[in-house]
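My notebook is open, and the plan is to look up a handful of things in one model and jot them down. Here is the entry to start from.

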Amino acid sequence: MDPQTPDSSSSSRALLSQPVLPAVLGEQYARDGAWVVTVRGDLDLDTLAGRRIQLESTAAAVPVLVLDLSAVTFVDSTFLNVLLTLRRATDLRLAAVPGRVVRVLELTGADAVLRLYPTVRDALPATVPAAPVTP
């Protein structure tokens with residue numbers, strides 16, 4: 001299944017008809033030029049097995065992918081590998097990253113190449129201000 005491409009002018013939530021990763025992903029929607037995915041739970045070899053290709057396909061189909069990690073409880077090297085792969089396919093942005101996940105990113109040096117934001121709103125692409133109208 002190919003996800004819908006986010007509409008950069010829309011801030012409404014357009015949900016996918018089927019989730020990409022039902023076991024670890026929650027809500028998914030287009031917002032302000034990005035595809036936002038809420039990730040939850042333990043992200044390891046067991047939970048990502050068989051789903052990695054689906055997530056990579058999603059990343060390849062959207063210009064900006066924001067992963068909301070606020071509900072993530074554990075990550076291992078499998079998830080780090082997925083993040084680094086996604087980073088090559090799209091403009092990957094990690095939002096609301098819990099301290100324990102930040103620590104893993106710091107220990108592995110992944111924080112130097114991944115972009116972390118305090119909130120999903122902060123991770124969204126900046127809107128370009130309209131040009132002033134002159135008569």
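Which residues touch the most other members of the largest nonpolar core? I looked that up before anything else. They are Leu 65, Leu 67, Leu 94 and Leu 105, in a core of 28 residues. By nonpolar core I mean a set of buried Ala, Val, Leu, Ile, Met, Phe, Trp, Tyr and Cys residues joined through side-chain atoms within 4.5 Å. Two or more residues of this core come from each of strand E1 (25-31), E2, helix H2 (52-61), strand E3 (64-75), helix H3 (77-89), strand E4 (91-95) and helix H4 (99-108). I also noted a second, separate core of 10 residues, with Ala 34, Val 66, Ala 95 and Ala 123 among them.

**Ground rules**

This is a predicted model, in which local features need pLDDT of at least 70 and side-chain atom pairs count only at pLDDT 80 or more, while totals for chains, interfaces and linings use all residues. Residues are numbered from 1 along each chain as its sequence is written, and side-chain values use heavy atoms, with hydrogens and water left out.

**Overall layout**

I found five helices and five strands in the chain. From the N terminus on, their order is β-β-α-α-β-α-β-α-β-α. Both kinds of element are DSSP runs numbered from the N terminus: helices are H or I with at least four residues, strands are E with at least two. Of the 135 residues, 43% are buried; that means under 20% relative accessible area, with exposed being over 50% and partly exposed in between (1.4 Å probe, protein chains only).

The chain exposes about 7200 Å², and carbon and sulfur atoms supply 53% of that area. Areas come from the Shrake-Rupley method with a 1.4 Å probe; for residues, only the protein chains shown count as cover. I then checked contacts (heavy atoms within 4.5 Å). Among those between residues at least 6 apart in sequence, 64% join residues at least 24 apart.

H3 has 13 residues and reaches 19 Å from its first C-alpha to its last, close to the 18 Å expected at 1.5 Å a residue. The expected span is 1.5 Å times one less than the number of residues. Its buried residues are Thr 78, Phe 79, Leu 80, Val 82, Leu 83, Thr 85 and Leu 86. Their cover includes E2, H1, H2, E3, E4 and H4.

What caps the N-terminal end of H3? I found Asp 76 there, with a side-chain oxygen 2.8 Å from the backbone nitrogen of Thr 78. Thr 78 has 19% relative accessibility, so it counts as buried. Setting aside residues up to four places away in sequence, Thr 78 touches Asp 44, Leu 45 and Leu 48.

Asp 44 is buried, because its relative accessible area is 13%. Its side chain reaches the backbone nitrogen of Asp 46 at 3.1 Å. Beyond neighbours within four places in sequence, Asp 44 is in contact with Phe 74, Asp 76 and Thr 78.

**Around Leu 80 and Leu 105**

Leu 80 is buried, because its relative accessibility is 11%. Leaving out neighbours within four places, Leu 80 is in contact with Val 104, Leu 105, Thr 108 and Ala 110.

**Helix H2**

In H2 I listed Leu 55, Thr 58 and Ala 59 as buried. Seen down the helix axis, these fall within an arc of 100°, so they line one face; the arc is that of the directions from the axis to the C-beta atoms. Exposed Ile 53 and Ala 60 sit on the face turned away from the buried side. E2, E3 and H3 are included in what covers the buried residues of H2.

Asp 32, in the loop between E1 and E2, has a positive phi of about 50° although it is not a glycine. Ala 96, in the loop between E4 and H4, also has a positive phi of about 50° without being a glycine. Ala 96 counts as partly exposed, because its relative accessibility is 22%.

Technical notes
A polar contact is a pair of N or O atoms within 3.5 Å; within protein, one must be able to donate a hydrogen and the other to accept it, and residues adjacent in sequence count only if both atoms are side-chain atoms.
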